[in-house]
Each structure stands twice: as structure tokens, then as C-alpha cells.
Amino acid sequence: MTETHAFQEPHRPRMNEASWRAHDLLRAYAARDRAANIEHPAHLEPDQLEFTRGVSANFYDDSLSMLRDTGRPWVPASLVREVFAVARFAPTEHEFTVTTAACRLARGEVTMRKLIDDGSLAVRDRIHTLAVYSLALLLVPFSLKRVQQMLDRAADMTEAVGGHPRPCCVG
């Protein structure tokens, strides 16, 4: 999906912050917290946004792998319903674009690679689309509580692997 990995350069505090912002954005969507969804990527600079996009793309890839490994199927109709349920917590200025893009993905009208790499969406829209779609994928076969636990574990593993604590609040 992408050449960027979450802690490719862990010694760089700005990229560490971008990585945590990606994790916190996913957690905010799972918590149904629109205010946090607005705040987490709000003050990132362009290179940090690209890094956040890469971290989000890695989470999407990990979600697909986990679903494949656990044999948890999803049907497009269920996925579209979950996309709408999660996307309504996108920041207002991104909600229509994110919902439309994620629904196109769920219906198989476009591939994630094309959507993320072709540049037709702004980077912030791509980040939010990745977050919404990844969570919707997980919410079809798993409960919200289970998905939140997965996100907590992913954050713990990121900190353990990266060796850097969260530089920003989760809230």
C-alpha cells in the first residue's frame, strides 16, 4: 500500500507525533468523538500528514490481514451500513467526501490503492477515509468494545516497538 512505516524514523519527534495522531484518530472514530476527529490531524504539517496517511494505510493493511487470518467475512451491504455509521463522526467539512469515498470502496467501485495513491482526494480526506473504512471493516464482524480493545493494543505495541511515548493527549 505505502512505503512509509509507522516508526520508520522513530528518532524524529515530529513523525512520532504524526504516528500517534493517526492512532488517536482511529480511537476517536471508535469512540464516536467528532471533536477529537477534528483535532487530531488539525495542526499537522504536510510531511506529517503524509506520514499519518502512511500509518493509517498500514492499519488498513493490518485490518485486512487480521480479517483474512481469522476467517471473518464481511458482505458489502453490511460494510456500507458500517461506513455510514462511522463516517457521520467525520469532521463536517470532510464528511461528504469521506462517506462517498468509503462507500465506493465498500461497493467495490474503486480500490484502496487507487483512492489513496491517485491524489484525487486531499491528504486529510484520504486519512479520514482510511480511518472510517478500516474501522467499518472491523465493526462488521467484531463488536465496538472489541475493536476499541484492538486499537488500545495497537497503540501499546506501537509504543513498545517505537520506544517513544505518546507526545499528545488521547482526548
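**Helix packing and nonpolar cores in a predicted model**

Glutamate 39 has a relative accessible area of 39%, so this residue is classed as partly exposed. Colleagues, please note at the outset that the structure under discussion is a predicted model. Glutamate 39 belongs to helix H2, which covers residues 34-39.

Let me turn to a contrasting position. Threonine 99 is part of helix H5, residues 92-106. Is threonine 99 buried or exposed? Its relative accessibility is 12%, and because the limit for burial is under 20%, threonine 99 counts as buried. If residues up to four places away in sequence are set aside, threonine 99 touches Val83, Phe84 and Ala87.

I now come to the nonpolar cores. In general, nonpolar side chains in soluble globular proteins tend to be buried together. In this model, the largest nonpolar core comprises 43 residues. Tyr29, Val83, Met112, Val132, Tyr133 and Leu135 have the most contacts inside this core. Two or more residues are contributed by each of the following elements: helix H1 (13-30), H3, helix H4 (76-87), H5, helix H6 (112-117), H7 and helix H8 (144-162). Which helix gives the most to this core? That is H7, with 11 residues.

Leucine 135 deserves a separate word. Leaving out residues up to four places away in sequence, leucine 135 touches Leu26, Tyr29, Ala30, Val86, Val147 and Leu151. There is also a second, separate core of 5 residues, among them Ala18, Ala22, Phe51 and Val55.

How do the axes of helix H3 and helix H7 cross? The axes of H3, residues 46-70, and H7, residues 123-139, come within 9 Å and cross at roughly 20°. Because angles under 35 degrees count as roughly parallel, H3 is roughly parallel to H7. The crossing of H3 past H7 is left-handed.

On the H3 side, the residues in contact include Leu49, Arg53, Ala57, Tyr60, Leu64 and Leu67. On the H7 side, they include Val123, Ile127, Leu130, Tyr133, Ser134 and Leu137. Sorted by class, this contact has 13 nonpolar, 4 polar and 4 charged residues.

Note on methods. Residues numbered from 1 in each chain as written. Predicted model: local features only at pLDDT ≥ 70, side-chain atom pairs only at ≥ 80, totals over all residues. Heavy atoms only, no water. Axes fitted to C-alpha atoms, helices over the stretch in contact; angles between N-to-C directions. Helix = DSSP H or I, 4+ residues; strand = E, 2+ residues; numbered from the N terminus. Parallel < 35°, antiparallel > 145°, perpendicular 65-115°, else oblique. Left-handed = near helix turned anticlockwise from the far one by under 90°. Contact = heavy atoms within 4.5 Å. Nonpolar A, V, L, I, M, F, W, Y, C, P; charged D, E, K, R; others polar. Buried < 20%, exposed > 50% of the residue type's maximum accessible area, 1.4 Å probe, protein only. Core = buried A, V, L, I, M, F, W, Y, C linked by side-chain atoms within 4.5 Å.
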